Amino acid sequence: MDSPRNLLLLSVLLVCTLALASAGDIVHQDDTAPKKPGCENNFVLVKVPTWVDHEEETEYVGVGARFGPTLESKEKHANQTILTLADPPDCCSTPKNKLTGEVILVYRGNCSFTTKAKVAEDAGASAVLIVNNRTELFKMVCEPNETAIDINIPVVMLPQDAGASLEESLKNNTLVAVQLYSPKRPLVDIAEVFLWLMAVGTILSASYWSAWSAREAAYEQDKLLKDASDEFPSTEGSGSSGIVDINMTSAVLFVVIASCFLVMLYKLMSFWFVEVLVVLFCIGGVEGLQTCLVALLSCFRWFEQSAESFVKVPFFGAVSYLTLVVSPFCIAFAVVWAVFRRISFAWIGQDILGIALIITVLQIVRVPNLKVGTSVMIVARGDRSGEDGIPMLLKIPRMFDPWGGYSIIGFGDIILPGLLVAFSLRYDWLAKKSLREGYFVWAMTAYGLGLLITYVALNLMDGHGQPALLYIVPFTLGTFLSLGKKRGNLKNLWTRGEPERPCPHTQLQHSQ
């Protein structure tokens, strides 16, 4: 069962490391239009709730323009105003319909944004809703040659589908009213705290499982050597079975394949591609969940016999009876999540599958030394992608954010540093170092601080996505390298990756 299992998890590991985002932005970047007098607003998201014939309907989300007054931040202070359709629709010339304080709905094109706003203001409109010619939003700026900009009504852009819906209601001779306000995000949301705890707790659990397995394998090997046993093939059944050590060749190959896959991720992102990622995630999640459940249940005496009794299964080889019992539940769990993954609480199932997958990967895949660990982490530094339906993320709903949404972290932001943190604990245990004298506490603390700095940067950048590894890599690698050099263990950590231990069999011969 080990070969197919390892191949599966390595494939999923490759995909997981590509989703490294911490957040996303729904509007375009604006690096070419500097602020100027009268055109210096910060871009803000705007809530646009609507009422049709006095019945509350859909709430849309728009983006405020660089120009015009700032919007109210509280809903109770925002006025409910009648909406009317511009005639002509582009509002590049004086509207034919008389305006007395209504909000006017206009379409993008044929003239500048500021021209539309000035024409609407002069005609008596209280605000302008500009409908984009695409389904996404666009940041409205002033023209480079515009100098005297004096616009005194709010201007908000809506996506194309929102404009079409509002226009249809207006053409049906119904009374449509809107409200415009831009609530502020909280400085810190409790979801970020829970996400930090989830990431740190996942690495902590996986590291102890990996170190325990390595120590058990070392004890078993020492026992065999002390007994001068010639039955070395029997070590395949020890705790080291199914372990994959990443060497430099594998790391270089990982770089090449990951780079190619990253190009595919950006170039081929579409519905079918996301569905492929969902299938891969479900397969990896099933393997991870059943591995974790079998390991957990095996600790109880009621399941010991079923965990130690095996049956041969085609392609998978020897499989325990406990695995056969647990697997259908794991498959059903993943299938149910995949079918209902778009409902509001599906994030719980995604996080359960994701954490189980990450723990399993960190327990099975290991870096043999600091040199390989550094290579893997430097390669991944700074890569990022938006959420866009990609399931390789841990996510928690933002609980006190008026805009809703999720706080997210990519699997790669946990797996790649986790490989190094797990390596540090294995080294400490094999070297019989205490927590104070070892490297694990320092590596774990460095990861936690790096992730904390990521969230600080995220809030300072007004929620715009931050590549977490850009902050985590310097903290973890810098701490590990500095501490190793100070203690004189850097050469051993860099090349050998494990403490030098005398061979018990040789010691036995000398004693005789």
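1. A nonpolar core, as the term is used here, is a set of buried Ala, Val, Leu, Ile, Met, Phe, Trp, Tyr and Cys residues joined through side-chain atoms within 4.5 Å. Please keep in mind that this is a predicted model. Its largest nonpolar core has 70 residues, and those with the most contacts inside it are Trp337, Leu394, Ile409, Phe411, Ile414 and Tyr447.

2. Setting aside neighbours within four places in sequence, its contacts include Leu195, Met198, Ile355, Ile358, Ile409, Phe411 and Ile414. Asp351, Gly354 and Ser407 are also among the residues Leu394 touches. A second, separate core has 24 residues, including Val63, Ala120, Ile149 and Met157.

3. Now for a helix pair. Helices α11 (residues 412-430) and α12 (residues 440-460) pack with their axes 8 Å apart, at an angle of about 165 degrees. Angles over 145 degrees count as roughly antiparallel, so α11 and α12 are described that way. On the α11 side the contact includes Ile414, Pro417 and Val421, while α12 contributes Phe440, Ala443, Met444 and Tyr447. The crossing of these two helices, α11 and α12, is left-handed.

4. Ile104 has Val128 of β5 as its bridge partner.

Key
Residues numbered from 1 in each chain as written. Predicted model: local features only at pLDDT ≥ 70, side-chain atom pairs only at ≥ 80, totals over all residues. Heavy atoms only, no water. Pairing = 2+ DSSP bridges. Helix = DSSP H or I, 4+ residues; strand = E, 2+ residues; numbered from the N terminus. Buried < 20%, exposed > 50% of the residue type's maximum accessible area, 1.4 Å probe, protein only. Contact = heavy atoms within 4.5 Å. Axes fitted to C-alpha atoms, helices over the stretch in contact; angles between N-to-C directions. Parallel < 35°, antiparallel > 145°, perpendicular 65-115°, else oblique. Left-handed = near helix turned anticlockwise from the far one by under 90°.
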